[in-house]
Amino acid sequence: MFKKLPAILAAGLMAAVLTACGSSGGTGTTGATSEAGGSDTITLGFSQVGAESGWRTANTKSVQEAAKEAGIDLKFSDAQQKQENQIKAIRSFIQQKVDVIAFSPVVESGWDTVLKEVKDAKIPVILTDRAVDSTDTSLYQTFIGSDFVLEGKKSGEWLVKEYEGKSEPVNIVELQGTTGSAPANDRKKGFGEVIAADPKFKVIASQTGDFTRAKGKEVMEAFLKAHKDIDVLFAHNDDMGLGAIEAIEGAGLKPGTDIKIITIDAVKDGMQALADGKINFIAECSPLLGPQLMDLVKKAVKGEQLEKRVLTEETTFTPEQAKAVLADRKY
Ligand code: AHR
């Protein structure tokens, strides 16, 4: 019996260590399996916005797969579109002493306090997808993601070309993304700047659809009840546009013909609707940020100086272009 005691103690100790390693600190974070092991493994705390759209689902998959591929231990937390949940997750990452914190901020404002706490803990921060409006840029190492203003501009430019040579008023309704979020603010700005050049373009209604299909449908139904003369819908993402298509069809109108539709993202469902002629134009926003993010994480851990802004390359799609690439679209 005494001979067996060290083995029992060792087993008990091992169990205790494994329990501690697997703990998520009670904050709703989940650790992804890492292929690498041992003490050199980098731990990344990642706070995701939520699961509001097809874009977001593809982005989460990209981050999770890239972490696994890079042998990075990912502590993933879903904020369910709430800033308070992201702040809690970030504080929990500080307690867990992760090596790097990355997050996609639900909204632009209100991050300074928690980011100062991260800075005091000497943990590098990487912003992914969405920006913060902090004037103190030392609070984060880099920001990787799209140029949302440019996406809005590309959408406006397509519209200007589409109505070139016509003088009648063009009544536009706008489905905005989450109020206060960088993509909603920036896409609105970019689109507005371009169409302002010609007074025939009038935004007759603009409301948030929170980037979801359900709200896109609900708000479009309200727009259709209030306005009988809608020419164009500009939706800040595919999902809201797809919800709006249901509302337009429900009102007995033909999306893409009776009401021209512009969206942003180019996820598979959006591209299908574009190929089917229900959407007229999509400005792409790439969710595949995972591999670049993991490279930045590794560099940050090594203490390398990171470029302050890493931009994603994107294009635009017409129905013909969507038909040509649809079969190979991964997300
Ligand atoms: O921040 C990127 C935006 O967030 C995507 O365009 C939208 O689909 C998502 O919800």
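A cavity is a set of points, on a 1 Å grid over the protein atoms alone, where a 1.4 Å probe fits but cannot get out. In this predicted model, local features need pLDDT of at least 70 and side-chain atom pairs count only at pLDDT 80 or more, while totals for chains, interfaces and linings use all residues. Residues are numbered from 1 along each chain as its sequence is written, and side-chain values use heavy atoms, with hydrogens and water left out.

The largest cavity is the space taken by the ligand. Residues surrounding the ligand (a heavy atom within 4 Å) are E52, S53, W55, R56, D129, R130, F148, P183, R187, F211, N237 and D265. Domain 1 (29-146 + 287-312) and domain 2 (148-285) each contribute at least three residues to this shell; the domain bounds come from an automatic or database assignment.

For S53, an N or O atom in the side chain is 3.1 Å from a ligand oxygen. Of the 280 Å² that the ligand exposes when taken alone, the protein buries 100% (accessible area by the Shrake-Rupley method with a 1.4 Å probe).

Key: A polar contact is a pair of N or O atoms within 3.5 Å; within protein, one must be able to donate a hydrogen and the other to accept it, and residues adjacent in sequence count only if both atoms are side-chain atoms. On a 1 Å grid over the protein atoms alone, a cavity is a set of points where a 1.4 Å probe fits but cannot get out, and a pocket is an open set with protein on both sides within 12 Å along at least five of seven lines; lining residues have an atom within 4 Å of a point. A molecule sits in a cavity or pocket if more than half of its atoms lie within 2 Å of its grid points.
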